[in-house]
Amino acid sequence: MPPFTLGHFSQVCCQLLNHYFGEIVGQVGAYLLRRGHRPLFDIPCATGLSIAEVKKALAVMIQHNLVKFEASERNNNIAEYSIIHHNVYCLLRYPKYLYMIKRIYGTSEEILLEILLNLGQASASNVIFQSANRLKEANDPSALHQSFLKLAQDNFIIRCPKLADNANMQKVPTLVVEEKEKFTVPHLEIGPIAKLLKENATQLGEHSDSEVIWRVNHERFDVELRNVILVNAAARRVDSTAGELYHLILKLWRECSNPDSPTTNALSFNVIKDAVRKNEGSSPVLLEHFEQYLRVLYEDTSSLITKVGDAGGGQFILNYSIVFENLACATLDSIVLERFGSKALRLFRLTRIQKFMEQDQMQNIAMIPAKEAKMFTYKLLEHNFLQIKELKKGTSNFAPVKSFILFHVDLPQVARTALEASYKGLFNAMVRQMHDLTDNKRLLDKHARLETLLESLRGEGLPEDELAYLSDSMTAAEKSLVARIHSMNDHLTLGQTQADDTILILESYLKFSSMT
Amino acid sequence: MAAPVVIKKEKVDDPRPSASADAGEGQTEAEIERRMIELMGEFPKGINDKILETDMPNVDKKIKVAILNRLLSQEKVNIFRAAVTKELFWCLKQQPTSKLKGVDSEEKIVMRIIEEAGNKGIWNRDIRTKSSLNQTTLNKILKALEGKKLIKSVSSVSAAKKKVYMLFNLQPDRSVTGGSWYSDNEFESELVDVLNQQCYRILQQKAEGAKQKPLEGPLIVRNASFLSSKEICQIISDLKIVKFNLTVEDIETILDTLVYDGKIEMSATTDGYSDGQVKTYRTVEKLLSSAGIVRIPCGVCPVIKMCGTVGAVQPKNCVYYDQWLD
Ligand code: SF4
């Protein structure tokens with residue numbers, strides 16, 4: 001099944017599955033991406049894989065929460081499998097997740113999360129055990145236990161749903177999760193874990209909480225990733241202290257609001273003030289000018305904070321749909337600027353701000369010579385950044401109908417176009433990366449083998465000159481090529497995360513704008 | 001067809017009106033009336049109660065109103081109400097042109113049509129359809145009128161080849177000449193660009209200066225980064241970049257382009273000394289330094305539509321990536 005029958009987003013997903021789980025999972029994933037809900041026996045025929053392979057692939061994807069199953073509507077004895085698109089896409093964000101957790105908490109939490117991401121889903125004891133093994137903190141896993149509790153408490157990890165009570169009666173089991181249990185960690189027995197670690201065991205075996213399975217909570221990470229963008233925006237608009245304040249307020253909002261709602265609940269001036277006072281990390285500048293900072297933020301046209309009332313010294317909310325509309329606009333502006341230049345940007349923004357514009361008006365107000373203005377307008381039109389609306393006005397029965405061509409920006413549509421292009425760009429960067437790596441696979445493998453060999457020999461205390469001799473088995477040209485490939489690879493990885501930033505903004509905008 | 005044309009000797013803004021001629025109601029009133037019209041000549045934008053009050057404090061309000069009403073009914077003055085203050089203003093009515101001596105009736109018709117078009121002017125063809133004269137006659141008439149310096153032709157910026165006609169003494173409208181940014185019907189885009197950058201630089205410097213006092217808090221910093229259009233106009237004029245006299249409106253159109261560039265924001269404040277609202281400006285940062293996607297070649301790629309895993313343009317042999325990765 002050639003991948004180009006898929007949309008760009010699905011292609012990205014497919015590439016990710018291939019990359020993380022290998023070709024077989026990739027094939028099954030691609031099939032499900034293309035066909036939606038499918039029963040098991042359809043998949044081998046279409047993909048040419050054996051049923052055992054398909055089963056295994058599905059099991060892997062279910063373990064990682066990338067595929068879900070439901071009883072078919074036609075026959076509830078048959079399970080249908082479907083891809084959870086967002087979760088597959090989030091594979092791309094795993095490095096960001098780790099980095100974020102490391103920044104917020106520290107290394108041990110990062111390791112816990114990394115283990116959990118590798119396992120897909122696992123019990124708390126298991127994650128702690130494996131992390132301790134990795135960290136070689138054999139003696140005391142209880143610190144890791146505390147870290148785990150923190151992650152659960154801040155909702156970065158979440159309990160998997162359990163089998164429903166009536167599961168035995170159904171061929172296709174349904175899964176349920178108790179709302180209030182979602183983030184509660186059951187009692188763990190740390191003692192046995194510590195003992196096993198001392199014995200250098202590699203497997204945990206039976207444990208008390210083996211029934212309570214955890215996985216990563218993508219929604220929570222989405223919120224956090226969005227907040228990073230928002231804090232950066234606040235810091236750009238005012239200064240880093242404003243960013244600090246905004247970070248704090250975002251945290252308060254998150255604690256008091258439903259993550260899926262397009263606006264947060266209101267916070268009062270006094271609550272925010274209290275939080276700033278109580279926060280140990282608050283900088284002296286912020287403490288001194290708290291009121292000014294808050295005011296500058298809510299008076300800013302970017303609507304990072306919206307004032308909704310005066311009770312309690314002022315009531316403040318975050319209106320996600322407006323803020324992300326502004327961010328999406330900033331994103332589109334940046335794309336237009338880079339692709340078509342500053343004059344095109346002026347025309348684009350002018351049209352967006354004024355809603356509907358005639359060609360003449362555009363060039364007059366934008367003060368761009370007619371010829372140039374026309375050229376840019378049509379370029380923008382061609383690439384779908386502008387839309388046309390034709391107005392017909394019949395002045396009387398016999399006079400010819402007058403028609404006006406009006407330009408305007410259909411923001412959701414433009415955002416969708418840009419989003420598609422971003423998926424495609426991301427996919428291309430991934431393809432390019434894969435290509436560069438596979439093309440030079442032999443060389444890279446050789447280099448890696450040599451490096452490990454040298455490492456171990458150095459450990460054994462081989463004299464330096466002999467090591468140097470060994471290391472010369474690769475020519476300097478080869479070595480510099482390897483270095484180049486590595487740096488290119490890093491470049492491409494960075495590029496992908498940057499493309500993902502844009503995607504996150506545009507996706508969030510479309511999501512929130514469709515809610516209101 | 002042709003309505004009777006009032007023939008008057010005075011020029012439009014001649015302070016000596018015909019009022020004295022038909023003043024039948026006593027010396028003082030005629031004098032007051034004359035003075036009023038004189039005042040209206042001095043204040044072409046119109047006079048209001050205040051002006052009248054200071055100029056002739058001794059005259060009874062009722063008499064003033066009566067005289068003004070009479071002038072109104074004689075269609076010598078116009079009355080209007082200011083948009084903001086809701087104050088009443090009186091001003092001299094633009095008198096229909098008065099130099100129609102020796103003009104025959106066809107010429108009169110054409111004159112009327114041109115006059116109606118005001119300072120926006122009117123195209124030859126439109127005159128023809130309105131007057132139902134044939135082209136040759138019309139051309140003759142237009143030439144004659146031009147020769148008598150009653151009308152003039154102005155070439156319009158919106159369509160360089162088309163000339164519009166208007167009364168000789170009128171100042172062509174901005175839409176015809178294009179305003180300050182046109183010289184000889186050429187749009188001076190370079191000048192606009194230079195001013196656009198200059199204004200931005202001025203505002204940037206102001207913002208930089210404001211940031212030097214971080215101890216006073218962000219609100220102070222923000223408020224100190226504003227400049228009004230008047231101030232900017234002054235600075236630009238002092239720099240002597242332009243040869244003509246820059247008006248505040250001229251600068252505001254330039255500042256508008258910066259607003260549309262997303263580099264500055266405008267806010268209107270009412271405080272200050274001048275009458276209406278003051279437009280003030282400051283630079284703003286964008287919410288993002290740049291969209292992440294434009295930092296990879298595909299984000300700005302001109303051929304992304306053609307690019308795919310098959311065909312001539314493919315990521316694996318893409319030259320943009322080759323350059324970018326180098
Ligand atoms: S891979 Fe190259 S050709 Fe294809 S879209 Fe990206 S930059 Fe353009």
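Here are legends for a few close-up views of a predicted model.

Residues are numbered from 1 along each chain as its sequence is written, while chains are lettered from A and ligands numbered from 1 in the order in which they are written. Local features need pLDDT of at least 70, side-chain atom pairs count only at pLDDT 80 or more, and totals for chains, interfaces and linings use all residues, with side-chain values based on heavy atoms and with hydrogens and water left out.

**View 1. How the two chains are split into domains.**
The domain bounds come from an automatic or database domain assignment. Chain A gets domain 1 (8-88), domain 2 (105-216), domain 3 (221-318), domain 4 (323-392 + 404-409) and domain 5 (415-515). For chain B, it's domain 1 (22-92), domain 2 (97-177), domain 3 (186-283) and domain 4 (293-325). In chain B, 74 Å separates the C-alpha centres of domain 1 and domain 4. In chain A, the C-alpha centres of domain 1 and domain 4 are 43 Å apart.

**View 2. Where chain B meets chain A.**
Here 55 residues of chain B are in contact with 60 residues of chain A (contact means heavy atoms within 4.5 Å). About 4800 Å² is buried between the chains, and carbon and sulfur atoms give 61% of that. Buried area is the accessible area (1.4 Å probe) that two parts lose on being put together, summed over both. On the chain B side, Tyr260(B), Leu287(B) and Leu325(B) lose the most area to chain A, together 18% of what that side buries.

**View 3. Salt bridges between the chains.**
Look for a side-chain nitrogen of Lys or Arg within 4 Å of a carboxyl oxygen of Asp or Glu: that's a salt bridge. One joins the side chains of Asp326(B) and Arg484(A), at 3.0 Å from N to O. Another pairs Glu265(B) with Arg237(A), with their closest N and O atoms 3.1 Å apart. That pair runs from strand β10 (residues 264-269) of chain B to helix α11 (residues 218-237) of chain A. Helices (H or I, at least four residues) and strands (E, at least two) are DSSP runs, numbered from the N terminus.

**View 4. The shell around the ligand.**
Near the ligand (a heavy atom within 4 Å of it) you'll find Asn428(A) along with chain B residues, including Cys298(B), Val303(B), Pro315(B) and Tyr320(B). Residues from chains A and B surround the ligand, so the two chains share this site. The shell has 11 nonpolar, 1 polar and no charged residues. Ala, Val, Leu, Ile, Met, Phe, Trp, Tyr, Cys and Pro count as nonpolar, Asp, Glu, Lys and Arg as charged, and the others, Gly among them, as polar.
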